[in-house]
Amino acid sequence: MKSKMKWIGLVGLVLSAFSIFTHFLLARFTQMGIAEYQSSVTIFSWRPIFDLQHSPSNSASYRRLWGPVKRLESLYPDSNPRGYYADPSSQKNGFIFVRIQGGFHDIRNSICDMVVVARLLNATLVMPEILSTTSSKGISSQFKSFAYLYNEDQFVISLAKDVEVVRTLPKDLKGARRKKEIPIFRVPYSASPSYYLLRVLPVLKKHSVVEIVISEGGCLQPILPPHFEEYQRLRCRVAFHALRFRQEVQDLSARILQRLRAPGRPFIAFDPGMTREALAYHGCAELFQDVHTELIQHKRSWMIKRGFVKGKLSVNSAEARLKGSCPLMPEEIGILLRAYGYTKDAIIYVSGGEVFGGQRTLIALHAMFENVVDRTSLSTPWELSGLYGQEVNLVNAPPAHPFTEEVKKRAAWKNAGPRPRPLPPPPARPKSYNIEGWWGWVAESDNEPDSTVMELRTNAHKLLWEAIDYAVCVEADVFIPGFDRDGKGHPNFASLVMGHRLYQSAASKTFRPDRKEAVKLVDEIRNHTYQANHTWLTSVRRHLRKRLLDGIIEASNKSKPLSFLSHPVPECSCSRHNTNEVSKNSSVPSASQIWTALGVSHQCPAWMDTGPVSQSKDKENEDDLADDDSISGLFFAPSGVNQGGGEAEVSNKEENQFEDQDELEGGER
């Protein structure tokens, strides 16, 4: 009997050991990301919810929601030199060392500008240093400053025929920089070429090296004289070809895009653009409540003291909103998209390293769309942490031994002098960063504390987050911004995305709503959202469709003078349209009229002519099609109405009928 019990116990131990080993093995492989299955079971927190039948890609409703803008289909990217363009001279005037401050869009603008300046001054450009990603900010030591965000090899190779780029200064100049013996220029925002030719170039020739500090995101004026047009195309080659994110960022962006497209449906990218600095600069504090209003006002007061803002501290946010100076809230964007016809199961990717106000501001958007996702719901924590490399643990630092602390306290108490004496003050509460936008100091002090090392590290992480969002937004089927200005009044992240999409795929749908008009439309229906009438729906759809083209023309007048990359047309584009095209409908401008408004006159080279531009019969009138009210019930129908396949079928029939009517009228976008 004892022998049998021993054997039973032994077998139990073996099975237990095998079970523990199996669990450890599974945990190890799962953590390394091997257990990413293409099945109904997923390791991610988001799964698509589809309640309605998917419209075929050749249907009228699909083309209206997701199809390209037909009158922009013949606009192609062309940033190659168009005349004589010499290779970099072997005789250089010296080295330019650059330090860049600011956020993602500031860094991108500044790098492009400095490459142009290096070409202009016939200088060798040292790999730019991004101050947010230096080792003093707590990032991993395995990355240098520029390489933390971008691919250094790609940057050097792509610009080999434009500018000579080196990774570091020569040893003698590096020593002089440590001793602070080289001249430093803190260049102003949007400096002219003559500033560099008359002020920087003589010093560069004398000392063989200059250090340039860029703090306002853009050190060269966006619009250059006509004889500098090749420098504009150089900006495009830098921004859209040379500046590639490092491989780990590209890989994770590709995986997120793959997971977004896995259901086989297109998706919308939405950038809220609601940062604390932008809200403070434009006086939008009253759009929020409680502590968030105080935080915005505190930042605005700080901007006024330093001369960044010329206005008053107290601004009527309601009036600013009606003038279009404030961002469109996520709820307002959701109403516009639903009124346009996007169904509640449409996939919406929310970008942005920080949405001021936290997830609370996105509640209304989640209520209108079931598939609202971001990078955190489409990636695992270890995939994101893998981007950061091996970092020193700043949070869980080993505390001092409690017995040692007690001994020190007793010794200090005995040596403190005669009694009675007051108790020592309590220790200061450590400041902690919360991504949801809560700063506890605002209730305790009028002065914002200095950033901790953990906050500086988080700011560096934000650059990687925005790099992922940038890659996803550029490739999205539809993009819509909530705001296009930053905390200095300059074009922001969303503006760079729209500029990149205009260069890379001009025909892809990019809504540029007029905030002033959009606010009026939303306020009209604010108190009776679920009883929207046909006239209001028509107004929303016509506005969004009109802004597909009018927004581009407006950007050439408002955004381009502040940032060339927000509107790289016509310098970096060519057309393949028929110059003899005449619009049959006088109310609808032809493609030729659009090219004239945009200034596009350059015809694409012969090697880009892969065939005739598509002129299919599936035409749509992007002005009049907004009259269709076939899918309004998907958002505004009362409870109990069936939103299944039957209604979708009726919707497609009505869309096709309207499209046939449009063809008879002869209108084409």
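Reply: Happy to! Let's begin with burial: buried means under 20% relative accessible area, exposed over 50%, and partly exposed in between (1.4 Å probe, protein chains only). This is a predicted model, where local features need pLDDT of at least 70, side-chain atom pairs count only at pLDDT 80 or more, and totals for chains, interfaces and linings use all residues. Residues are numbered from 1 along each chain as its sequence is written, and side-chain values use heavy atoms, with hydrogens and water left out.

Me: Which residues have the most contacts inside the largest nonpolar core?

Reply: A nonpolar core is a set of buried Ala, Val, Leu, Ile, Met, Phe, Trp, Tyr and Cys residues joined through side-chain atoms within 4.5 Å. Here the largest one has 89 residues, and Ile-96, Phe-155 and Tyr-196 have the most contacts inside it. A second, separate core has 47 residues, including Phe-270 and Leu-328.

Me: What is Phe-155 in contact with, leaving aside its neighbours within four places in sequence?

Reply: Contact means heavy atoms within 4.5 Å. For Phe-155, the partners include Ile-111, Val-115, Phe-146, Val-238 and Leu-243.

Me: Now the charges. How many salt bridges does the structure hold?

Reply: Side chains of opposite charge can pair when their charged atoms come close. A salt bridge is a side-chain nitrogen of Lys or Arg within 4 Å of a carboxyl oxygen of Asp or Glu. The structure holds 27 of them. In one, the side chains of Asp-113 and Arg-235 meet at 3.0 Å, N to O. Asp-113 lies in helix H3 (residues 104-120) and Arg-235 in helix H7 (residues 229-242), so this pair ties together parts 122 residues apart in sequence. Helices (H or I, at least four residues) and strands (E, at least two) are DSSP runs, numbered from the N terminus.

Me: Is Asp-113 buried or exposed?

Reply: Asp-113 is buried, and so is Arg-235. Now look at Arg-167 and Asp-153, whose closest N and O atoms are 2.5 Å apart in a salt bridge. Arg-167 is partly exposed because its relative accessible area is 42%, and Asp-153, at 44%, also counts as partly exposed.

Me: Where does Asp-484 lie?

Reply: Asp-484 forms a salt bridge with Arg-515 (3.0 Å, N to O). Asp-484 sits in the loop between strand E11 (478-481) and helix H17 (493-504), and Arg-515 in helix H18 (residues 515-524). At 17% relative accessibility, Asp-484 counts as buried.

Me: Which residues are linked in a network of salt bridges?

Reply: Look for Arg-321, Glu-331, Glu-332, Asp-523 and Arg-526, which are linked in such a network.
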